[in-house]
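Please look over the sequence and the structure below before reading on.

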Amino acid sequence: MTTALAVDLGSASGRVLAGTIVDGRLEITDVHRFKHQAIRDETGSLTWDVDTMWEQTVIGLKKAVEQFPDSVSVSVDTWGVDFVPLDANNERVGKVRAYRDERTERTHEEFRSRVDDRTFFEMSGIAPATINTANQLLAFTLEDPELAAKTDSILFLPDYFAWKLSGVKGWSRTIASTSGLCEPGSPRFNDAMFERLGLDRSWVGELNDDLTAVGQCTVEGLEQLTVVRGGAHDSACAVHGLPIDEGVRAYFLSCGSWSVLGALEDHPLISDAAYERGLTNESRTDGGVRPLFNITGMWILQEIQRQWEREGTPTDTDELVAQARECAPCTVFFNPDDPRFAEPGEMQQKIDIALDDQCAPHPTSMPEYVRLIIESFARRYARAIDELTQISGERPDQLNLVGGGARNHLLCDLTAEAAQVRVVAGPIEASTLGSLLAQLELLGHLDPADRPAMIAATAKTHVHTPSNR
């Protein structure tokens, strides 16, 4: 047997999993999990503890190799846009800022003076947003010029960890496609964008295709592993593992801290409607394009639970969702994309303020807040499906909902009703499944033509159908 290993780093936790082909399906084993989060440093900046992430990744991989001595490869995927600056000696320059750090708000007008929103979309195919790497890099040069002057290269997060594992630097297409620094569809970095923003083009090399090898692992005890690009961006990995029958037109919704709702296309969608609706075009592991909407997701539910726990009330997500199902349907909703929900802290008060703007009453219990959050998500997803249908010209036959949100059957039911579309929920660990499949394809252990059959044999799904269908 042959085993591949996947390192999946989310914005609140990390995990190492192993996948082995057994009787035509992929047997996936959860080897190691750990928690982490963005933290405020002494200056008030929001940063990532990449040292802990790295230490736990190595611990998990060593456990995996011990448990699965036939392990042959490893791939790392993370969320998009964040990066690590390195100096000429390959030492980190300063701390690794998180995309929610407020510095890009302070420099946003300067960014727009160099590249206005419409031009940015036409040059990159990416919706303008302060979290984009392009915005972060400009803020880096303006607010930390001394650190920027010391910087010799920048690596996106999954490429940073791949480099730590192999000693080989690279810039994976799927993760770079989230940056706003590439041409539409991400065939290459956009030199004109670097020039317009006054950024150093030498900080990055040329793009590397996913489904390629990085190099042999150089970490002691892990030398048997080949480090590969099995999809550097977690959403790209999830799409690679979608259970979609041949001939079915499917949209996807990767639902975690962020919600990513999109379609599978051969070319980027660039139009007035795409710009006006905030569409962004990112790359797929197999080289295609994922036109999508980035929507604030389960982060809102996670944050309000963290608030309640800080205030002394323990919470259980499954119990709260079950109680929310028994609550009366909501008559008012809030917009999850409201910028006030993008920053941490006091989420219940932010929801109350959004309701005050509508002169609407506040929920009176925790389950009612949870019901309001979930129904607001469902309505937002339905609107996104309608907008993407208008832009692409084709309505989906189904919505594949993957990630942690697939566990939330109330969310799946309400989304199916609001969007009037069949929802196929699962697999929950879609990003891991996609990464493992890509590795096995790359190394010749799985024929790409057999991938759909292996997904069907491996993925656990649950279908949610609108009541009138």
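At what angle do helix α17 and helix α18 pack, and how far apart are their axes? The model is a predicted one, in which local features need pLDDT of at least 70 and side-chain atom pairs count only at pLDDT 80 or more, while totals for chains, interfaces and linings use all residues. Residues are numbered from 1 along each chain as its sequence is written, and side-chain values use heavy atoms, with hydrogens and water left out.

**Helix packing**

- Helix α17 (residues 430–442) and helix α18 (residues 451–458) pack at about 140°, and their axes are 12 Å apart; axes are lines fitted to C-alpha atoms, for helices over the stretch in contact, and angles run from 0 to 180 degrees between N-to-C directions.
- Helices (H or I, at least four residues) and strands (E, at least two) are DSSP runs, numbered from the N terminus.
- On the α17 side the contact is made by Leu-433, Leu-437 and Glu-441, and on the α18 side by Arg-451, Met-454, Ile-455 and Thr-458, where contact means heavy atoms within 4.5 Å.
- The residues of this contact between α17 and α18 divide into four nonpolar, one polar and two charged, with Ala, Val, Leu, Ile, Met, Phe, Trp, Tyr, Cys and Pro counted as nonpolar, Asp, Glu, Lys and Arg as charged, and the others, Gly among them, as polar.
- Helix α13 (residues 317–325) and helix α15 (residues 366–392) have axes that come within 8 Å and cross at roughly 80°, which makes α13 roughly perpendicular to α15 (angles under 35 degrees count as roughly parallel, over 145 as roughly antiparallel, 65 to 115 as roughly perpendicular and the rest as oblique).
- Leu-320, Val-321, Gln-323, Ala-324 and Arg-325 of α13 meet Met-366, Pro-367, Val-370, Arg-371 and Ile-374 of α15, and the residues of this contact divide into seven nonpolar, one polar and two charged.

- Seven strands form an open sheet in the order β14-β15-β13-β12-β16-β17-β18, with mixed pairing; two strands pair if DSSP finds at least two bridges between them.
- Because β14 and β18 (462–464) stand at the edges with a single partner strand each, one side of each is left without a neighbour in the sheet.
- The twist from one strand to the next averages 30°.
- Strand β17 (residues 422–425) runs antiparallel to β18 and is joined to it by three bridges, and Val-423 stands opposite His-464 in β18.
- Glu-282 lies in strand β14 (residues 280–283) and counts as buried at 4% relative accessibility (buried means under 20% relative accessible area, exposed over 50%, partly exposed in between, with a 1.4 Å probe and protein chains only).
- Leaving aside neighbours within four places in sequence, Glu-282 is in contact with residues including Ile-126, His-233, Arg-290 and Asn-294.

- Three strands form an open sheet in the order β4-β5-β8, with antiparallel pairing, and β4 (39–40) and β8 stand at its edges, each with a single partner strand.
- Strand β5 (residues 46–48) pairs with β8 over two bridges, and Thr-47 stands opposite Arg-97 in β8.
- Val-93 lies in the loop between β7 (83–86) and β8 (96–97) and is buried, with a relative accessible area of 5%.
- Leaving aside neighbours within four places in sequence, Val-93 is in contact with Pro-85, Leu-86, Asp-87, Leu-147, Lys-150 and Thr-151.
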